[in-house]
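Here are my notes on this one, point by point. Have the structure open while you read, and follow along as the residues come up.

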Amino acid sequence: MQPVKSRAQANIRPDPAPSRLSYRFQRMMLTPLFRFGLRVVLPFTVMATATWMFFNDQDRRDHVSMLVDDMRTSIVERPEFMVQTMAIDGASDSVAEDIREVLPIDFPMSSFDLDLDAMKDTITGLSPVKSATLRVRKGGVLQVNVVERKPVLVWRLRDGLHLVDTEGYVVAQVAHREEYNHLPLMAGEGADSHTNEALALMKAAGPLGDRVRGIVRMGERRWDVVMNRDQRIMLPEVGAVAALERVVALSQVQEMLERDLSVVDMRLGERPTIRIAERSVEAWWQIRHIQVRHEE
């Protein structure tokens, strides 16, 4: 028979308090910084150490690099991503040839290897090109749409003739004026910065017809209209178009430019002046001299 426990022994219960180590661990888990270190810092440290130990070997690094390259190649060289040819629209034959020269692409090429922004900057760097858009369309075609600059003036400089658009950009250089007789002629340094005013002057001089040979930028400040028969209209710095319109109106009403004049000076709007041709002055003095001798 088992001995009967005393009442004191029967009332003793096990102590529910945790051990000292468990108590300290629970207290530390109540600290936010400890929980962050246990949940974030410790796993990150373990993963970083394992990764460093793995890639510390050169052969493993080379193997992983080879796998990445093979995976990229298998994706970028798929047939649907390959560009086979280039199509250029909106450009003349000479400009299209220049574009193909500045973009030496070795087809076929993956569309992932095409830097369209850099190619666009290269194309728009050509003088005749105003803007360009590039895209890869279906069928493996690199589509290049070009907007060319339209020459509106022939600009004469010391080094030759240049075609200029409305914004003053030099489109191309030409050898002979006869190739662009339909375009008005301007000359002088700095004329390209005032192409809009030059066009307005040529429009205002329209009633004068073929008598206008061109306009010249004088001192990069103002314009002169050069006409045949060695005539010149000197215009002011401000209000050049209005001054030229006044001269045209006088010429239409009083046939001023049909007379033997060399210069019509409109630089002073309140006091326009004219200069008679030298041959007319000499003829006048001869007539005057004959009259004086006859009176004598």
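1. Surface first. The protein exposes about 21,000 Å², with carbon and sulfur atoms supplying 55% of it; accessible areas come from the Shrake-Rupley method with a 1.4 Å probe, and for residues only the protein chains shown count as cover. Of its 296 residues, 30% count as buried. Buried here is under 20% relative accessible area, exposed is over 50%, and partly exposed is in between (1.4 Å probe, protein chains only).

2. A word on what you're looking at. This is a predicted model, so local features need pLDDT of at least 70 and side-chain atom pairs count only at pLDDT 80 or more, while totals for chains, interfaces and linings use all residues. Residues are numbered from 1 along each chain as its sequence is written, and side-chain values use heavy atoms, with hydrogens and water left out.

3. The overall build: nine helices and 14 strands. Helices (H or I, at least four residues) and strands (E, at least two) are DSSP runs, numbered from the N terminus. Taking contacts between residues at least 6 apart in sequence, 44% join residues at least 24 apart; contact means heavy atoms within 4.5 Å.

4. Now the inside. The largest nonpolar core has 28 residues, and Met186, Ile233, Leu235 and Leu244 have the most contacts inside it. Such a core is a set of buried Ala, Val, Leu, Ile, Met, Phe, Trp, Tyr and Cys residues joined through side-chain atoms within 4.5 Å. At least two of its residues come from each of strand S6 (153-157), helix H7 (195-204), strand S10 (212-218), strand S11 (222-227), helix H8 (240-254) and strand S13 (261-265). H8 gives the largest share, five residues.

5. There's also a second, separate core of 18 residues, which includes Leu114, Ile123, Ala132 and Leu134.

6. Pick out Ile233 and see what surrounds it. Leaving aside neighbours within four places in sequence, Ile233 is in contact with Trp223, Asp224, Val225, Met227, Leu244, Val247, Leu257 and Val264.

7. Which residues of helix H5 (residues 93-102) are buried? Val95, Ala96 and Ile99 are. They sit on the same side of H5 because they cover an arc of only 100° around the axis, the arc being that of the directions from the helix axis to the C-beta atoms. Asp93 and Glu101, on the other side of H5, are exposed. The cover over the buried residues of H5 includes strand S2 (85-89), helix H6 (116-124), strand S4 (129-137) and strand S5 (141-148).

8. Met29 belongs to helix H2 (residues 20-29) and is partly exposed at 23% relative accessible area. Apart from neighbours within four places in sequence, Met29 is in contact with Phe34, Arg35 and Leu38. Ala200, in helix H7, is partly exposed too, at 31% relative accessibility. Ala200 and Val241 are 41 residues apart in sequence but 6.8 Å apart in space, C-alpha to C-alpha.

9. Rings. The count comes to one aromatic pair, where rings of Phe, Tyr and Trp (its six-membered ring) pair if their centres lie within 6.5 Å, with planes under 30 degrees apart counting as stacked, over 60 as edge-to-face and the rest as tilted. The pair is Phe54 and Phe55, edge-to-face, 5.1 Å centre to centre with 85° between the planes. Phe54 is partly exposed at 38% relative accessibility, and Phe55 is partly exposed at 34%.

10. Elsewhere, the charged end of Arg149 sits over the ring of Tyr169, 3.9 Å from its centre. To qualify, NZ of Lys or CZ of Arg must be within 6 Å of the ring centre and within 35 degrees of the ring normal.

11. Backbone points to check. Most residues other than glycine have a negative phi, and most peptide bonds are trans. Phe107 and Pro108 are joined by a cis peptide bond, with omega about -5°, and Pro108 lies in the loop between H5 and strand S3 (109-110). Glu220 has a positive phi, near 55°; this residue is in the loop between S10 and S11 and is exposed at 52% relative accessible area. Arg229 also has a positive phi, about 60°. Arg229 lies in the loop between S11 and strand S12 (231-234) and is partly exposed at 40% relative accessibility.
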